[in-house]
Amino acid sequence: MAKILIIEDEAKLADILAYNIREEGHEALVALDGLAGLEKFRCEQPDLLILDLMLPGIDGLEICRLVRRDSDVPIIMLTAKSRELDKVVGLELGADDYVTKPFSMVEMLARIKAALRRSNAQVRRSSVLRAEDLEMDVARHMVTIDGGTIDLRPKEFELLRVLLENKTRVLDRTTLLQRVWGEDEYIDAGTVDVHVRRLREKIETDPAHPARVLTIRGLGYKYAE
Ligand code: CA
């Protein structure tokens, strides 16, 4: 069973889709505009996203771009005309599949099945990073300590991933900013410190005396050996 989020402003179409998806044994969530969709995506962490291109507020292109910053979730994009479709495909947004409206439900369900199969295969190939009792399953976006799940926000997760991948190396703030936030964003280095603090509150036994994410004075941070 997969959790599938539908972001589509045509309520009737969204309902029919949701109904058919549930009939297939999956969980279906619906959001009728871009903002609600983005919020639902962030708190529900669905396994698949069906995303309409033309939406009020934030449109499908923007949502796709925002989601892709921190998630590899399969995205099936819905477009109204094949002309729209050409435009979208040209943009290489990172959607996994494109379906032109009107579509047959059989076709849609087949596409969903294929997208879920591909992403499950990816999960199986995924890398797992370990540091003693802490384990990070990168593709499944899961972190556990001693078997217990730790709930991290996307940037906290990304920060921890970069630290784990460079275990024992000291990473300065500029490097962490580039790896976690990308170079195109106007964020100052203090953001790194704030996120390190939040991360410590979630993964350290005593956040005031961290044993995992260490501060190396004057240099930056590193994950303890
Ligand atoms: Ca629409």
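Glu-62 is found in helix H3. The structure is a predicted model, and the exercises below treat its elements in turn.

## Exercise 1. The surroundings of Glu-62

Task: Determine whether Glu-62 is buried, partly exposed or exposed, and state which side chain is joined to that of Glu-62 by a polar contact.

Solution. 
1. The relative accessibility of Glu-62 is 30%.
2. Buried residues lie under 20% and exposed residues over 50%; Glu-62 therefore counts as partly exposed.
3. The side chain of Glu-62 is joined to that of Arg-65 by a polar contact of 3.1 Å.
4. Glu-10 is 52 residues from Glu-62 in sequence, and the C-alpha atoms of the two are 18 Å apart in space.

## Exercise 2. The sides of helix H2

Task: State which residues of helix H2 are buried, and explain why they lie on the same side of H2.

Solution. 
1. Helix H2 comprises residues 34-44, and its buried residues are Gly-34, Gly-37, Leu-38 and Phe-41.
2. These residues are on the same side of H2 because the arc that they cover around the axis is only 100°.
3. An α-helix has 3.6 residues a turn, so residues three or four places apart point the same way.
4. Glu-39 and Cys-43 are exposed residues on the face of H2 turned away from the buried side.
5. The packing partners of the buried residues of H2 are strand E1 (3-7), strand E2 (27-31), strand E3 (48-52) and helix H3 (60-70).

Task: Describe what caps the N-terminal end of H2 and which residue just after H2 takes a positive phi.

Solution. 
1. The cap at the N-terminal end is Asp-33, which has a side-chain oxygen 3.0 Å from the backbone nitrogen of Leu-35.
2. Just after H2, a positive phi of about 45° is found at Gln-45.

## Exercise 3. The calcium site

Task: Identify which protein donors the calcium ion has, and state what the pair Asp-9 and Asp-52 ties together.

Solution. 
1. The protein donors are Asp-9 (OD), Asp-52 (OD) and Met-54 (O), at 2.1 to 2.3 Å from the calcium ion.
2. In sequence these donor residues follow the spacing D-x42-D-x1-M.
3. Asp-9 belongs to the loop between E1 and helix H1 (11-23), whereas Asp-52 belongs to strand E3, so the pair ties together parts that are 43 residues apart in sequence.
4. Asp-9 is partly exposed, at a relative accessible area of 33%, while Asp-52 is buried, at 3%.
5. Met-54 is found in the loop between E3 and H3.
6. Met-54 and Asp-9 are 45 residues apart in sequence, with their C-alpha atoms 8.2 Å apart in space.
7. With neighbours within four places in sequence left aside, Met-54 is in contact with Asp-9 and Glu-84.

## Exercise 4. Hairpins of E7, E8 and E9

Task: Determine in which sense, parallel or antiparallel, E7 pairs with E8 and E8 with E9, and which residue in each turn has a positive phi.

Solution. 
1. Strand E7 (residues 134-137) pairs with strand E8 (residues 142-145) in the antiparallel sense over four bridges.
2. Leu-134 stands opposite Ile-145 in E8.
3. Four residues lie between E7 and E8 in their hairpin, and His-141 in the turn has a positive phi of about 55°.
4. E8 also pairs in the antiparallel sense with strand E9 (residues 148-150), over three bridges.
5. The bridge partner of Ile-145 in E9 is Gly-148.
6. Two residues lie between E8 and E9 in their hairpin, and Asp-146 in the turn has a positive phi of about 55°.

## Exercise 5. The chain as a whole

Task: State how many helices and strands the protein chain has, and what distance separates the centres of its domains.

Solution. 
1. The protein chain has eight helices and eleven strands.
2. The chain is divided into domain 1 (3-120) and domain 2 (128-223).
3. Taken over C-alpha atoms, the centres of domain 1 and domain 2 are separated by 31 Å.
4. Along the principal axes, the C-alpha atoms fill a box of roughly 60 × 35 × 25 Å.
5. Of the 225 residues, 46% count as buried.

How values were computed:
Residues are numbered from 1 along each chain as its sequence is written. This is a predicted model: local features need pLDDT of at least 70, side-chain atom pairs count only at pLDDT 80 or more; totals for chains, interfaces and linings use all residues. Side-chain values use heavy atoms; hydrogens and water are left out. Buried means under 20% relative accessible area, exposed over 50%, partly exposed in between (1.4 Å probe, protein chains only). The arc is that of the directions from the helix axis to the C-beta atoms. Contact means heavy atoms within 4.5 Å. A polar contact is a pair of N or O atoms within 3.5 Å; within protein, one must be able to donate a hydrogen and the other to accept it, and residues adjacent in sequence count only if both atoms are side-chain atoms. Donors are N, O and S atoms within 2.8 Å of the metal (3.2 Å for Na, K and Ca); water is not among the atoms, so sites may look incomplete. Domain bounds come from an automatic or database domain assignment. Two strands pair if DSSP finds at least two bridges between them.
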